[in-house]
Amino acid sequence: HTPSFELPLVKDGEQKAVVLLNATTRRGPNHEVIGVICVGQDITQINAMAAEQQRIADDLARLIDSANAPIFGVDPRGMVTEWNRKAAELLG
């Protein structure tokens, strides 16, 4: 089992980076645990991009929901699967 976790790196009270750490035990010749091996990956930029994508998605959802025109989403079979408030007002 290799658990992973995010470790924020902080300097002077300010977060500088986030590292994704994966850890596993290091075993000796008799399979006894003699240490831990950690591998880290800087995911600061990935996290920033994911946060920006979520912000944009939230903005678009608010825009669609508050639009003054009915907006529908349909699936490949033509079934309405999503609608905004204006569509609900018009069609009940």
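Predicted model: local features only at pLDDT ≥ 70, side-chain atom pairs only at ≥ 80, totals over all residues.
Residues are numbered from 1 along each chain as its sequence is written, and side-chain values use heavy atoms, with hydrogens and water left out.

**Exercise 1.** Describe how strand 4 is joined to strand 5.

Strands here are DSSP runs of E with at least two residues, and helices are runs of H or I with at least four residues, numbered from the N terminus. Two strands pair if DSSP finds at least two bridges between them. Strand 4 (residues 72-74) and strand 5 (residues 80-83) run antiparallel and are joined by three bridges. Val74 has Val80 in strand 5 as its bridge partner. Five residues lie between the strands of this hairpin, where Gly78 takes a positive phi near 85°.

**Exercise 2.** Examine the salt bridge between Arg55 and Asp59, and find the network to which these residues belong.

A salt bridge is a side-chain nitrogen of Lys or Arg within 4 Å of a carboxyl oxygen of Asp or Glu. The closest N and O atoms of Arg55 and Asp59 are 2.7 Å apart. Both residues lie in helix 1 (residues 44-66), and because they are four residues apart there, about one helical turn separates them. For accessibility, buried means under 20% relative accessible area, exposed over 50%, and partly exposed in between, with a 1.4 Å probe and protein chains only. Arg55 is partly exposed at 41%, and Asp59 is partly exposed at 32%. Salt bridges that share partners join Glu52, Arg55, Asp59 and Arg62 into one network.

**Exercise 3.** How many salt bridges does a search of the whole structure find?

The search finds seven. One of them joins Glu14 to Lys16, with the closest N and O atoms 3.8 Å apart; Glu14 is partly exposed at 48% relative accessibility, and Lys16 is partly exposed at 49%. Another salt bridge brings together the side chains of Arg77 and Asp75 at 3.1 Å, N to O, and Arg77 is exposed, with a relative accessible area of 69%.

**Exercise 4.** Locate Pro3 and list its contacts beyond its neighbours within four places in sequence.

Pro3 lies in the segment before strand 1 (4-11) and is partly exposed, with a relative accessible area of 37%. Contact means heavy atoms within 4.5 Å. Leaving aside neighbours within four places in sequence, Pro3 is in contact with Leu21, Asn22 and Ala23. The C-alpha atoms of Pro3 and Val74, which are 71 residues apart along the chain, are separated by 40 Å.
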